[in-house]
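Open the model in your viewer and show the side chains.

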Amino acid sequence: MSGKQIIDMQNLSPNWNEVSDAMHIDEKSDIYHRYKEEFDILCPTIMRIIQPKVYMGIGDHDEYGKLLVVIFTLGNQISEYSTDLFHKDEYVKGLLTDGIADHLLFKMDDCAGKDIVDFCNRNHVRMEERVEIPEKYPFELLSYGVELFLKSELGEVCINEQFVLEPAKSICNIFILNKGEGNCYISHSCEKCGNQACNHRRSG
């Protein structure tokens, strides 16, 4: 292990236009204003209970060489809150809570670019390729990514036998590294991703 860093990301805020676009809530639809009102009500609670953290680590993989692992999580409370809303038949609030959480996770990926590049530069490596799973690389790399960190470092973050991260609102990004320094964060490529149903899929 060449280095690790954990960041508490406190500069997040939900954007209604981006959330409504991702959830396909049309401004002309009958539900638009109700969802907007619920969004305004939910946001203070969601911002209070999320625990946004970014875990960065560098390790040497037997087959793929030096890898950078970046884990984003919002913590477990937001998932518990969403589940509780559905159990209470508060479906609109539950759907919105999930939508806002997904939006914040993708926003973390966008916002953390500079921190990730700085981390790589301090460790004298640069990102060569973002690992797209399962389109090009196996699911097992996700397990490698999580196991790169000690349980005491990750807290409640873990991965199950189906290669699904827990808490539910967590994602793991992996990059193939090379020696040297660079200043470009390699973002996710929607064109290479096979998840056609993703609400956050970007065209271009």
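Buried here means under 20% relative accessible area, exposed means over 50%, and partly exposed lies in between. The model is predicted. Keep that in mind at each stop.

**Stop 1: the first pair.** Select tyrosine 55. Its relative accessibility is 4%, so tyrosine 55 counts as buried. The count of aromatic pairs in this model is 6. Tyrosine 55 and phenylalanine 149 make up one of them, in an edge-to-face arrangement. Their centres are 6.1 Å apart, with 70 degrees between the planes. Now trace the chain. Tyrosine 55 sits in strand 2, residues 53–61. Phenylalanine 149 sits in the loop between helix 6 (140–147) and helix 7 (151–154). The two are 94 residues apart, and the pair links distant parts of the chain. Is phenylalanine 149 buried or exposed? Its relative accessible area is 6%, so phenylalanine 149 is buried.

**Stop 2: two tyrosines.** Select tyrosine 64 and tyrosine 137. They also form an edge-to-face pair, 5.3 Å centre to centre, with 75 degrees between the planes. Tyrosine 64 is in the loop between strand 2 and strand 3 (65–73). Tyrosine 137 is in the loop between strand 4 (125–130) and helix 6. The pair therefore ties together parts that are 73 residues apart in sequence. Tyrosine 64 is partly exposed, at 23% relative accessible area, whereas tyrosine 137 counts as buried at 9%.

**Stop 3: a cluster.** Which residues form one aromatic cluster? Select Trp16, Tyr32 and Phe39: these three form it.

Technical notes
Residues are numbered from 1 along each chain as its sequence is written. This is a predicted model: local features need pLDDT of at least 70, side-chain atom pairs count only at pLDDT 80 or more; totals for chains, interfaces and linings use all residues. Side-chain values use heavy atoms; hydrogens and water are left out. Rings of Phe, Tyr and Trp (its six-membered ring) pair if their centres lie within 6.5 Å; planes under 30 degrees apart count as stacked, over 60 as edge-to-face and the rest as tilted. Helices (H or I, at least four residues) and strands (E, at least two) are DSSP runs, numbered from the N terminus. Buried means under 20% relative accessible area, exposed over 50%, partly exposed in between (1.4 Å probe, protein chains only).
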